[in-house]
Amino acid sequence: MASPSGGNRPTLILSGFFGRGNCGDEALLQAQFEQFSPDYEIVISVDERGAYDGFWNWYPYDRCRIVHQGNLGVVTEPNVIGLHVGGGGLPHGFNAAQVVRARSYDKPVFLTGVDASPPVSTSAAAAVSAYLSLFDFISVRSAGSWKTMRPLAEHCHLGGDWAVALPTDGPQPVPKSGSVVLVIREFPPELISQTYQASLARLVDVLGERFGKIVLLPFCPEDERFLDHLPATSSLPREIHWWNPRRVQREIAAADLVVSLGRLHPLIFSGNVEVPAVFAEPLASDPRWPLSMKAKQLCDEHGWPYFDSADALIDSIRTRAPLVSSRFAPGYRERFRDHTQTLAARLLAFSGK
C-alpha cells in the first residue's frame, strides 16, 4: 500500500479525543504527530460523530489520512505497523475496537500519556487488567496515576503529558501583556446556580482589583458558548484560538497569571512557559459534578496551587500571596523524553527498520 505522499513508509495510527477542538487534546495530537511523522505515515483515528465541522482543515489533520474509530479495516492494511492510543484523561477501554482488531492481526498497540482511574470492584479490576495486557507499552502522565495503574499493569511506565512538547507560537520571547488569563470550563447549563454565579462574580472582582486586565481564554468551543451564560464575564475580552494550541500557549506566556476553573491543560501550558497558574474546582459543592482528580494529582506532584473551590481561591487572592512561576517537578521532562524514546524504539523494532 502506497502512502498518501507517494512513498512506501510504514504507517502508524494515532487515536485519541481528537477532532473536537479541545485545545489540550489538539496539543497532544500535534506533539505526537511531530514525534512520529518524520519516520511514519500518520493516520488519525477520530470519533467523527460530534467532531467539530471543518476540523480536517486544522493542523495536522490537513496533512494526514483521517478515519473514523469504527473503521476496523484500516488496522489490517499491510503498511500499518501499529496503533497508539493517548494521551489525556481517556477512560479505560477508549477505542477498544481498533485495539482488539490490531492485536488480532498481531500488530502492536501502545497506550501513553494517560491517566488511570481506580476500578469500581475486584472483578472490574481483573477485567481492566486483562484489557491492558493487550498493550505492548503503557505509560501514564502522573505519579498518582502510576500508583493506580501499577496493580493493573505491572510494567506500567511513569512518563509525562504529551503537551510538554508543545512549542509556543510566534517570535520569542513573548512580550508581557500585564493581564490575567481566566479559563472557565463548561458544564451542563442546568448545573449553573446562583451560588456559582455569585462566586464567579466575586472572583472576577478580586482579580480585577489585584491585577487589572482580565482576558477570557476558552479551551474548546463548548467553553466559548458557556461564557454566554455568565453575566459576570460579559464585559471581559475573549481570545478565541482553541483550535490552535500554540497560539493559546502564546496568550498564556504573555500573561502575569493563569486562573483555571476546571481545566487541566492551562496548567501544563503554563508549566511549559513558566507562568504562574492556579487551579480551582468550579463546582466543589455540587455532588453531580466530580472533582478533577487528574488536576489534583498533577498539582500535588508539581507543587502547583490547587483550590477545592472558587471561594478558597478568592480568599487566597485577597491575601495578595506572591505569584510563583509554574515549573514542572525535577525529572518530569526527563520522564517524558524516556517515554517517547521507549515508544520510538518499540515502533522501530516492529517496523523492521
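At roughly what angle do the axes of helix 5 and helix 10 cross? The axes of helix 5 (residues 194-211) and helix 10 (residues 310-318) cross at roughly 20 degrees and come within 10 Å, which means that helix 5 is roughly parallel to helix 10 (angles under 35 degrees count as roughly parallel).

This is a predicted model, in which local features need pLDDT of at least 70, side-chain atom pairs count only at pLDDT 80 or more, and totals for chains, interfaces and linings use all residues. Residues are numbered from 1 along each chain as its sequence is written, and side-chain values use heavy atoms, with hydrogens and water left out.

| Helix pair | Axes come within | Crossing angle |
|---|---|---|
| helix 5 and helix 10 | 10 Å | roughly 20 degrees |
| helix 7 and helix 8 | 9 Å | roughly 65 degrees |

Helix 5 passes helix 10 in a left-handed crossing (the near helix is turned anticlockwise from the far one by less than a right angle). In this contact (heavy atoms within 4.5 Å), helix 5 contributes Ser199, Arg202, Leu203, Val206, Leu207, Arg210 and Phe211, while helix 10 contributes Ala310, Asp311, Leu313, Ile314, Ile317 and Arg318. By class, the contact of helix 5 with helix 10 has eight nonpolar, one polar and four charged residues.

For the other pair, helix 7 spans residues 245-254 and helix 8 spans residues 265-273; their crossing angle makes helix 7 roughly perpendicular to helix 8 (65 to 115 degrees). Helix 7 passes helix 8 in a right-handed crossing, with Pro245, Val248, Gln249, Ile252 and Ala253 in helix 7 meeting Pro266, Phe269, Ser270, Asn272 and Val273 in helix 8. The contact of helix 7 with helix 8 has seven nonpolar, three polar and no charged residues.

How values were computed: Axes are lines fitted to C-alpha atoms, for helices over the stretch in contact, and angles run from 0 to 180 degrees between N-to-C directions. Helices (H or I, at least four residues) and strands (E, at least two) are DSSP runs, numbered from the N terminus. Angles under 35 degrees count as roughly parallel, over 145 as roughly antiparallel, 65 to 115 as roughly perpendicular and the rest as oblique. Ala, Val, Leu, Ile, Met, Phe, Trp, Tyr, Cys and Pro count as nonpolar, Asp, Glu, Lys and Arg as charged, and the others, Gly among them, as polar.
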